[in-house]
Every structure is written in structure tokens, then in C-alpha cells.
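User: Got a two-part question list for this one. Can you walk me through it?

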Amino acid sequence: MLYKIWMSIVKEFLLLKRDLGGLIILFIMPLVLVITVTVIQDSSFKTASNTKIPILLVDYDKGTVSKTVFDNLEKNQLFTVVTQIDNKPITEEVARENVYKGKFQLAIVIPKNLSVDLQAKVDQNVENIVSKMGFTDSVAKPEKPKVITQKEVKLYFDPAVQLSFKNSVINAIDKMISQIETKSIYTTFQNQLGEENTKFDQTSFITFKEIIPKINNKEILPNSVQHNVPAWTLFAIFFIVIPLSINIVKEKSQGTFVRLLTNPTSNLIVIIGKTITYSVICMIQFYMMVAVAIFLFPHIGLPPLNIEGHLFLMSVVALFSGFAAIGFGILLGTVANTQEQSAPFGATSVIILAAIGGVWVPVFVMPKMMQIIAKSSPMNWGLEAFYDVLLRNVSFVEIIPKISLLFLFFIITTSIALFYDKKKRTV
Amino acid sequence: MNPIIKIESLSKKYKDADQFSLNDVSLEINEGQIFGLLGPNGAGKTTLISMLCGLIKPTSGHFSIDDLDYHHHSSKIKKIIGVVPQEYALYPTLTARENLHYFGSMYGLKGADLKDKVIETLDLLGLLKFADKQIHTFSGGMKRRVNLIAGILHNPKVLFLDEPTVGVDVQSKNAILDYLKILNQNGTTIIYTSHHLAEAEDFCTNIAILDRGKIYAKGTPSTLIETTENARNLEDVFISLTGKDLRDAI
């Protein structure tokens with residue numbers, strides 16, 4: 001039996017060795033994928049990016065508020081403020097046209113008299129409070145309050161802009177405006193109280209500090225590489241579904257599968273041979289991608305992958321993820337009748353599993369329903385196990401539930417494939 | 001002579017099919033025979049061979065090979081039979097030697113025995129100098145010969161051949177048939193299907209003519225010719241029993 005398994009492995013390796021297209025899919029494409037995606041996604045992780053996003057600022061206010069907005073945006077290293085196009089000040093109409101045509105991603109329109117009206121409104125409110133507290137001259141007649149209409153800072157977004165970017169910009173501007181309002185309130189209070197020596201501490205009382213997990217007393221700050229390499233490595237491992245299912249479909253169409261069925265060799269031995277071969281392929285893929293992330297990434301401006309002390313556990317996760325992918329490939333190859341069925345279905349289903357599993361969008365931001373579905377995706381189990389090892393510094397015992405699920409998926413898909421095949425021959 | 005294959009009331013009806021592909025067939029094939037299963041398209045030849053090889057299960061009836069009942073000893077049966085399918089059941093990107101080593105090992109052969117057997121058979125069928133060439137570079141006749149070798153490396157007691165000479169040149173056909181005769185002389189019982197009636201007449205010791213899932217006649221070629229009115233050869237017997245109607249079916 002062992003010799004039969006060994007010969008099956010030899011055969012599978014020879015078939016792969018002589019299939020250039022298959023080799024490219026297995027080894028080159030995953031590397032291209034992980035490098036490309038990490039380079040692209042790295043910019044969103046960087047706090048100091050060389051690429052600045054131009055923002056149109058339409059200033060009808062010409063006051064302190066618009067100046068503060070301008071200064072704050074300029075200080076922000078993600079943006080560069082554009083106030084003129086073709087040496088002419090930008091009007092709201094020009095800004096809207098440029099943004100809606102996609103020439104700029106964002107325009108901010110600051111309304112006329114915003115600074116003056118904001119100050120007037122704050123003055124009014126503060127005066128009202130101060131008078132109620134009895135700090136004003138009691139003889140003076142109270143003036144009828146002037147009606148100050150609410151002001152609107154308008155934001156125009158390129159319709160193609162992603163929602164996450166849009167939300168973060170809205171939050172940043174909202175925070176900026178709130179700070180300006182707070183500052184005005186404090187200043188007005190100071191003036192109204194007339195006590196020149198009274199100075200309010202205007203710095204925020206509540207601040208935020210991110211406590212970063214430590215491994216071996218070193219802070220592990222997640223970066224694009226730590227997030228992307230596991231995610232896209234897993235994606236690449238699952239792409240083994242395509243060559244494996246094609247391999248099985250080819251055996252059926254070439255007649256070699258029929259010959260094997262007439263041999264005194266169980267189909268299980270053939271499956272074991274394929275599983276071992278493709279597991280080795282998965283591990284080679286994994287080590288290649290880790291090597292690229294450690295040694296090549298620093299040369300192309302990316303932080304290197306930090307796997308300090310995690311290589312063994314990461315290898316375990318990669319192996320079990322490989323098993324899950326192989327089980328799926330065997331099932332697909334068994335059920336499909338042609339390569340035209342197996343290849344597109346394999347590719348599409350891997351992309352769907354990746355999407356559901358949280359490779360692109362984190363599961364916690366998905367709708368409730370999708371979060372439940374995500375928990376049933378083998379790619380989610382693999383990804384979470386990788387993050388547990390690499391970012392959460394867990395022990396082997398803690399990843400056992402996830403790798404067990406991956407192995408169970410392999411057992412179930414392979415059993416269904418064997419059962420389906422047996423059933424098909426009893427027609 | 002002892003019957004090596006005993007078939008009793010074997011029937012097969014495929015799911016969703018209106019008719020039985022094989023209907024209550026009983027047959028005995030003796031050890032050492034070269035037994036030809038002949039019949040028009042859709043007669044049930046391939047269904048019968050597929051069941052005997054364990055590829056599909058009968059709807060009813062049973063059979064035994066070398067006194068091993070199919071229901072209880074299917075894995076033992078697989079060890080003593082060899083199968084040469086009609087299509088080239090080989091890996092195109094593997095060499096002839098690699099294909100044969102692999103399929104031989106699946107029959108339990110290994111080491112020097114396997115290597116020697118591969119070299120010997122490749123040599124006998126004139127393919128030794130092409131042993132390390134990939135199958136996709138071979139001609140149809142060469143592929144047929146490698147296809148045959150892959151089914152006989154383990155010296156089977158019973159060899160099933162589904163149209164082993166279809167689409168090959170005369171030289172390859174002669175090489176294949178000559179080698180099969182040697183195998184038969186060495187004790188292998190051969191069950192063979194073909195549409196080449198003249199070839200079957202020369203090659204087979206016994207023949208059964210199937211049509212519409214039933215056996216219409218069986219015996220030696222000469223007996224069948226003698227007992228059929230106005231028959232000069234096996235083709236006349238065949239036409240007399242199965243008619244001249246076309247058997248196109250989808």
C-alpha cells in the first residue's frame with residue numbers, strides 16, 4: 001500500500017512538472033498576487049504616505065474657520081489643499097463639476113460668513129448663560145436676540161470614492177469643526193467673564209492611547225504586511241482547487257481513471273497520493289510567500305513580515321488550510337464532468353469563499369447575516385488561525401479548534417467525493 | 001475445460017433508460033479461450049464487459065471469475081483480471097515507461113520485477129527504444145500497444161479487451177494480435193470485443209453474438225458459420241442474426 005501511495009505521488013509530481021501553465025498558477029501567480037496586493041494596500045496603512053490626495057477647498061467664508069480648516073488639512077499628511085484651478089479661485093459649481101467628473105475625489109465648500117455667524121451664535125449663547133448666572137449688569141435692558149441661521153459646510157465626493165474613505169473624511173472634518181466651535185466657546189467665555197487672568201485649559205481632557213500587544217517584550221504594530229501576507233497566502237493556497245480539479249477531470253476524460261478503477265487499488269489510495277502531493281505544493285507556496293515577504297519586501301519599500309517564533313504554528317495553519325483546499329478540489333474534480341465546468345467554478349468559488357471569509361473586508365464590518373455565513377467559510381477559519389498566531393500571539397492549543405474545522409472540512413468534502421463517485425457507478 | 005467465467009441471469013437497466021441494456025444473460029467462458037463478444041452498436045457488449053471488470057454494478061443476476069463470486073470478492077477478482085479499454089487510458093505527458101511503472105505498481109508490482117517486466121513487454125511489442133518518450137508524441141498504433149501493455153503487466157488470468165485494434169495500422173494490429181496469442185498460449189483467457197468480424201473470425205476460439213441485450217448465438221466461429229443458412233463467413237452470420245437495420249442511437 002505504501003508503495004502504491006509513493007508511486008501515486010511520483011506520478012502526480014511528474015504530471016505537475018510537465019504542466020507549465022499549472023506550475024505558473026501554482027507558484028508564480030500567488031507571488032505576483034501577494035506582492036501586488038500588499039504594495040497597493042500598504043498605502044492605506046501608512047501614516048506618512050508620499051501620495052497626497054488633492055482636496056478642493058471653496059472658501060466663501062474668508063474668516064478664522066476657513067483658515068483653521070485650511071491649516072488643519074495642510075497639516076494632515078494625507079491631503080493637499082487646492083484653492084485655485086487655472087489661477088482662478090474655485091467656485092462651488094466648478095468644484096462640483098470637477099469632483100463629479102472624477103478629477104478630484106473631494107471638495108469642501110465653506111459658506112459665507114461662517115466665522116462671523118459662528119462667533120455671533122457663540123456670543124449669544126454665552127451671554128445668555130452668563131446673564132442667567134447673574135454676572136451681567138442688572139440695569140441694562142436685555143436686547144432682543146438676533147436670529148442666526150444654521151450654517152452648512154458642504155462636502156462633494158467623487159461617486160467612485162469608497163464608502164470607508166468617505167466616512168473617515170467626514171469624521172475628520174466633523175472633528176475639526178467641533179474643535180473650532182469648542183475653541184470659540186472657551187474664548188467667548190473668557191471675554192465675557194472679563195477676567196483677563198482666567199485662562200481655560202483648552203486641551204482635550206480625554207485622550208486616547210492604543211495599547212499595542214507585546215511579543216517577547218516588543219510591541220507588535222500591525223502593518224499591511226502582517227495583515228496581507230496571511231490573507232493572500234491563504235487565498236493562493238485555495239487556488240490549488242483549480243489545478244487539482246482539472247487534474248481529476250482530465251483523468252476521467254483520458255480514461256486513466258477508468259483504468260485505475262479496474263485495478264486492485266482503492267480510490268482512497270489515489271486520493272491519498274493526490275492529497276500528499278498537493279499538500280507539499282501548498283507548503284512550498286506558503287514558504288515561498290513567507291520568504292518573499294521577509295526578504296524581498298524591504299527592497300520594494302514594504303515592511304518585512306515579522307514571523308519571529310511563529311513559523312512552526314504558521315506552517316501548521318498553512319498545512320491544514322491546504323487540506324481544506326485539497327478536499328474542496330477533490331470534490332469539485334469528482335463532480336465536474338469537464339474542465340470548462342471545473343476551472344471557472346473553482347476560480348469563482350474560491351473568490352466567493354475569500355470574500356465571505358474576510359480576506360478583502362473584515363468580517364466585523366459585514367452585515368449580521370454575512371457575519372454568520374463567514375463563520376462557515378474555511379477561509380475564515382484559516383485566516384483567523386493565521387491572525388491568532390501572527391498578531392494575537394496564541395499557543396498551539398488555542399488554534400486547535402480552527403485547524404480541526406479545516407481538517408473536518410477536508411474529511412467531509414473528500415468523503416462526499418468518494419461517495420458521489422461510488423454512487424455514480426451504480427447507475 | 002473448466003469455465004473461468006460464469007454468468008447467470010445478468011441484467012442491467014440504466015437509470016432513466018426505457019429498456020434493459022443487458023437482459024437476463026447467462027454465459028460460460030472456459031479457461032484458455034479467446035472469447036469474442038460481437039454485436040452491433042448498443043448490443044450490450046461494453047455494458048457486459050464493464051460489469052465483469054467491476055466498473056458498473058448489475059441490476060440483477062450474478063457472475064463469478066475463477067470461482068470468485070463478484071458480490072463477495074470484487075477486490076480479489078481485480079487482481080486476476082486485466083483490462084484494456086478502448087480509449088488510450090494513459091497519461092499523455094508521462095513517458096511510456098513512467099505510465100507502465102505507475103499502472104504496474106497499482107497491480108502490486110514493484111522493484112526489479114516491475115522494471116524487468118516493463119522492459120520485456122516494451123521490447124516484445126517493438127517499443128523499447130521509445131520507452132522514455134512522452135505518450136503524446138506516439139502514433140495511434142504505438143499508443144494502442146502501450147495501452148495493451150498497461151493491462152497485462154501483472155500476468156492476468158483473464159484479460160478483457162475492448163476493441164484493441166481499432167484505428168491502428170496493419171503492422172500494429174498484427175503485433176498486438178500476435179502478442180495476445182502468446183499470452184493466451186501462456187494461459188491467459190481473453191475476452192475481446194470488436195467490429196472487425198474477419199479479425200474476430202481468425203483470432204477467436206469462441207464467439208457470442210449479442211443484440212439488444214441478449215445473446216443470439218454462441219459457439220466456435222466455424223460452428224456458427226456451418227449452422228447458419230447461406231453463411232460463408234462470420235459477417236454473414238452476424239447479418240443473418242442481427243439484420244441490416246442501422247443502429248444509430250443517441
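User: How far apart are the C-alpha centres of domain 1 and domain 2 of chain A?
Analyst: They lie 52 Å apart. Keep in mind this is a predicted model.

User: And which residues go into each of those domains of chain A?
Analyst: The assignment puts 2–45 + 224–424 in domain 1 and 53–193 in domain 2.

User: What about chain B, how is that one divided?
Analyst: Also into a domain 1, made of 1–60 + 157–167 + 180–214, and a domain 2, covering 92–155. The C-alpha centres of those two domains of chain B are 25 Å apart.

User: OK, cores next. How many residues does the largest nonpolar core have?
Analyst: That core has 71 residues, and B:Val146, B:Leu153, B:Phe160 and B:Ile191 have the most contacts inside it. Helix H5 of chain B, residues 140–152, gives the largest share, 6 residues. Both domain 1 and domain 2 of chain B supply at least three residues each to this core.

User: Which residues is B:Val146 in contact with, leaving aside its neighbours within four places in sequence?
Analyst: B:Val146 is in contact with B:Leu90, B:Ala96, B:Asn99, B:Leu127, B:Ile135 and B:Phe138.

User: Switching to chain A, then. How many helices and strands does it have?
Analyst: Chain A has 15 helices and 8 strands. Of its 427 residues, 32% are buried.

User: And of the chain A contacts between residues at least 6 apart in sequence, what share joins residues at least 24 apart?
Analyst: That share is 80%.

User: Let's pick a helix. What does H5 of chain A look like in terms of length?
Analyst: H5(A) runs over residues 114–132, so to speak 19 residues, and spans 27 Å from first C-alpha to last, close to the 27 Å expected at 1.5 Å a residue.

User: Which of the residues in H5(A) are buried?
Analyst: A:Leu114, A:Ser115, A:Leu118, A:Val122 and A:Val126. Looking down the axis of H5(A), these buried residues fall within an arc of 95°, so they line one face of the helix.

User: What does that buried set of H5(A) pack against?
Analyst: Three elements of chain A: helix H3 (64–75), strand E5 (106–110) and helix H6 (163–193).

User: And H11 of chain A, is that one mostly covered or mostly uncovered?
Analyst: Mostly covered, with 19 of the 25 residues of H11(A) buried. H11(A), residues 311–335, reaches 36 Å from its first C-alpha to its last, close to the 36 Å expected at 1.5 Å a residue.

User: Last topic, the two chains together. How many residues of chain B are in contact with chain A?
Analyst: 28 residues of chain B are in contact with 22 residues of chain A.

User: Which elements of chain B give two or more residues to the side that touches chain A?
Analyst: Helix H2 (70–80) and helix H3 (96–106) of chain B. H3(B) gives the largest share of that side, 5 residues.

User: How does the side of chain B that touches chain A divide by class?
Analyst: It has 16 nonpolar, 5 polar and 7 charged residues.

Terms used
Residues numbered from 1 in each chain as written. Chains lettered and ligands numbered in written order. Predicted model: local features only at pLDDT ≥ 70, side-chain atom pairs only at ≥ 80, totals over all residues. Helix = DSSP H or I, 4+ residues; strand = E, 2+ residues; numbered from the N terminus. Buried ≥ 20, exposed ≤ 12 C-beta atoms within 10 Å, placed from the backbone. Contact = placed C-beta atoms within 7 Å. Expected span 1.5 Å × (residues − 1). Arc of directions from axis to C-beta. Domains from an automatic or database assignment. Core = buried A, V, L, I, M, F, W, Y, C linked by C-beta atoms within 7 Å. Nonpolar A, V, L, I, M, F, W, Y, C, P; charged D, E, K, R; others polar.
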